[in-house]
Amino acid sequence: MASIEAWFMDDSDEDHRMPHKLNPNEPVSLKELENIGVFYWKLDADIYETDPVLEKIRKDRGYSYSDIITIDKDKLPNYEDKLKMFFEEHLHLDDEIRYILDGRAYFDVRDREDRWIRIAMTKGDLITLPAGIYHRFTLTETNYTQAMRLFVGEPVWKAYNRPADEFDIRQKYATDSSRACFFWVERDDSSSYMVVRLKRTLSWRYRAGSCCTRPSSCLSDSFRRPRYNRHTAALLFACRGEEREVVGPQGEERPERSQK
């Protein structure tokens, strides 16, 4: 399956319709997007009305409502105001599902380190953003896109601009165990080990391949345990400076807070 293009953004205040890539560029993989709850499909937009693949996705995920929006200065009422509203950082209490039928656009999402990731959307791209994630939307320099908007049940258009941390859905997203980071830490003499669960995932530069994002497999005897000593674990905790749970080999849990 073709993969979507995404990257970490720079801090420039230049025209937000420009790519805003870092120099050198830091691309973001589809797997990294999935780890923050963003999912993607590449479809044939020319047959969207009769596409069996789209129909299956809608059936499997319960997307019962859809409409089409054309974002163009000659076709969208209050065009400038709408674009300004779309680009305000916000969250929704439900998933956001968009399918690009024509043109180009950008979705920007916050990662676990609160860094902006820009996702380039082109014709045939279908994306889902999880409820509770901070994000925004903008056109590219072409100033045009046409998109299908999908919902589970009746459409909900309400956006809550940041800060909106008081909502339960935001708290659930920020602490969702399915996106938490698990890894094994062995004693220096390799005589025993413990499992560490962080409240939020580490960024890729700190995980260094040590992370298991499938909690159900972390306590499995067949799981291959990386060899981390206490010094390495301390460095990882220092990078986050946040609450963690330490899980023993028998699944016992006790709360513990790392020191900044």
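**Helix 4, strand 4 and an annotated site**

Strand 4 (90–91) is part of what covers the buried residues of helix 4. Helices (H or I, at least four residues) and strands (E, at least two) are DSSP runs, numbered from the N terminus. Buried means under 20% relative accessible area, exposed over 50%, with a 1.4 Å probe and protein chains only.

A word on the source. This is a predicted model: local features need pLDDT of at least 70, side-chain atom pairs count only at pLDDT 80 or more, and totals for chains, interfaces and linings use all residues. Numbering runs from 1 along each chain as its sequence is written, and side-chain values use heavy atoms, without hydrogens or water.

Now helix 4, residues 168–175. Its buried residues are Arg170, Tyr173 and Ala174.

Which residues does UniProt give as "binding site"? The unreviewed entry places that feature at His90, His92, Glu96 and His135; such annotations may be inferred rather than shown by experiment. They span 46 residues in sequence, yet no two C-alpha atoms are more than 11.6 Å apart, so they gather at one spot.

Last, His135. This histidine sits in strand 9, residues 135–139, and is buried at 2% relative accessibility. Beyond four places in sequence, its contacts (heavy atoms within 4.5 Å) include His90, His92 and Glu96.
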